[in-house]
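Hi,

Here is the model I promised to pass on.

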Amino acid sequence: MAPAIMLAADAPKLSSANTGFMLICSALVMLMTPGLAFFYGGMVRVKSTLNMLMMSFISLGIVTILWVLYGFSLAFGTHNSLIGWNSDWFGLSNIGLTELWDGYSIPVFVFMVFQLMFAIITPALISGALADRVKFSAWSLFIALWVTIVYVPVAHWVWGADGWAYKLGVIDFAGGTAVHINAGAAALGVILVIGKRVGFKRDPMRPHSLPLVMLGAGLLWFGWFGFNAGSWLGNDDGVGALMFVNTQVATAAAMLAWLAYEKIRHGAFTTLGAASGAVAGLVAITPSGGAVSPLGAIAVGAIAGVACAAAVGLKFRFGYDDSLDVVGVHMVGGIIGSLLIGFFATGKGQSTATGVFYGDHTFTQLWKQCAGVFAVLAYSLIVSAVLAFLLDKTLGMRVTEDEEISGIDQAEHAETAYDFSGAGGGVTGSLAAPALAAAQNKKVDA
Amino acid sequence: MKLITAVVKPHRLDEIKEALQAFGVHGLTVTEASGYGRQRGHTEVYRGAEYTVDLVPKIRIEVLAEDDDADQLIEVIVKAARTGKIGDGKVWSLPVETAVRVRTGERGPDAL
């Protein structure tokens, strides 16, 4: 995914250090999805906590299988500038254990599984815009279709060796375009089709657990080091380390900027603001972290923190119900991070391309970034909206109004997140499953 | 007999309890409650969206007293609960027909 600065003479050999590093990074990125689930889960009301957690968690199941079957081959095989294919990778059927990823010192399997974690979290990101109201079956099918017809091609464009954006020179180090703008634009497309929550702008929809939000944001921040630093696919030349540093720096700056903005604008330093600012910074540094200096990372983070804090209010002004601000944080943060490469790229990191403030002070890189950003944004928004429309007309995307009001957890999952009944030691209702009761009796008899 | 009910600020509970004990009250019931009087609630901000929370946390204290003690007990509670700021709460009393101590079956004033 990162451009190769490899000399022809250096035929890469399997590096156990890089391989170990990348396996750990893959595991870190995996942790981001449950982290995201908590981040989102704490922000919804009590009655839809579990659904929010499940909408992220199910992605771990569905995308893993699809990625192994055909996703990896379509995204990273070579075929043309729009889509890839490699029949050896279909079902991972003909990949040798020590076969190396093109030009790098890590096995294909390692690259495949690292990329799998990206493919998992991207659709999970979308779910935050759909809180409280989408049928779990429709959502599951949406993930499968969306990964296939949106994520896979976009990943190929941006990171594939013959992808058009990659060849054009669009810089997207770890997924500002392919992951965040892609997910944010998809979220916008879907909510324009499925509509608002019942009571949007009328009923209070306060987060039910800010500690869960903080836990999730913390796990995201931690996992993001794998997401970003791992995207250099090894750490032989220090670019991965630069990325690690920039990830920390930009995130800190964005958190502080968001808090400062809301203190001035709304009068308080809020916990949700700190968590949201951190995520906005992580999003913005994702595409840009390999191209900018740590001072540039501070600028990227601070700008993203303020811009995203301002953007999250737009849903109330325009009346679209982006429940947990996927558009305001991921799309806006991704756009900012991607475009700022055109200003702050130093030419000393992942590539020699420089931004307006460096090198020849030209707008060349900025235009390339614009092309990448707006192509992905438009494709993802339109195709996702069409997909949601078709699913809505066939399966139906939304639960009934009654189910939404009484809580999607019970309607879709036959569970509730918390037991609030303290009376009589928390016993609620009677055991409704005779089979279970009978089974327990048998145990006692024996 | 009278039932004296006080809905007051939660942080005054200890003072009220001590004052009632000093007066000679043997038992009381405390419940968490929420409500508002003239002060209404407060505002919370989540990502810039402001929510008005109408109901403020309160506690409700209930004490059974003999008729002769009731007025004085109300005074004791009011004095201990007062901070002078808005939202201090209210105290009222109601007539009670009977009271029974469950353990012994004693009735009326003996049950207090």
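How many salt bridges does the rule find across the interface of chain B and chain A? There are 2. Keep in mind that this is a predicted model. One of the cross-chain bridges pairs B:Glu44 with A:Arg206, with 3.0 Å between the closest N and O atoms. On chain B's side, the elements that give two or more residues to the contact are β3 (42–46) and β4 (49–53). The top contributor there is β4(B), with 4 residues. Sorted by class, that side of chain B has 5 nonpolar, 1 polar and 3 charged residues.

As for the extent of the interface, 17 residues of chain A and 9 residues of chain B take part in the contact. Together the two chains bury about 1100 Å², and 62% of that is on carbon and sulfur atoms. Three residues stand out: B:Tyr46, B:Arg47 and B:Tyr51 account for 69% of the area chain B buries against chain A, more than any other three residues.

Now for the rest of the salt bridges. The count over all chains is 14. In chain A, have a look at A:Asp132 and A:Arg45, whose closest N and O atoms are 2.6 Å apart. A:Asp132 sits in the loop between α3 (108–126) and α4 (136–159), and A:Arg45 in the loop between α1 (16–43) and α2 (49–76), so this bridge ties together parts of chain A that are 87 residues apart in sequence. A:Asp132 is buried at 3% relative accessible area, and A:Arg45 also counts as buried, at 17%.

Chain B has a bridge of this kind too, between B:Lys2 and B:Asp67 (3.6 Å, N to O). Since B:Lys2 belongs to strand β1 (residues 2–8) and B:Asp67 to helix α2 (residues 67–81), the pair links parts of chain B that are 65 residues apart in sequence. Here B:Lys2 is partly exposed at 25%, and B:Asp67 is partly exposed at 44%. Back in chain A, bridges with shared partners join A:Arg45, A:Asp132, A:Arg197 and A:Asp321 into one network.

Last, the cysteines. The structure has 0 disulfides over all chains. A:Cys308 is in none, and the nearest cysteine sulfur, on A:Cys370, is 17 Å away. A:Cys308 is buried, with a relative accessible area of 0%. A:Cys25 is buried as well, at 3%.

Cheers

Methods. Residues are numbered from 1 along each chain as its sequence is written. Chains are lettered from A and ligands numbered from 1 in the order in which they are written. This is a predicted model: local features need pLDDT of at least 70, side-chain atom pairs count only at pLDDT 80 or more; totals for chains, interfaces and linings use all residues. Side-chain values use heavy atoms; hydrogens and water are left out. Contact means heavy atoms within 4.5 Å. Buried area is the accessible area (1.4 Å probe) that two parts lose on being put together, summed over both. A salt bridge is a side-chain nitrogen of Lys or Arg within 4 Å of a carboxyl oxygen of Asp or Glu. Ala, Val, Leu, Ile, Met, Phe, Trp, Tyr, Cys and Pro count as nonpolar, Asp, Glu, Lys and Arg as charged, and the others, Gly among them, as polar. A disulfide is a pair of cysteine sulfur atoms within 2.5 Å. Buried means under 20% relative accessible area, exposed over 50%, partly exposed in between (1.4 Å probe, protein chains only).
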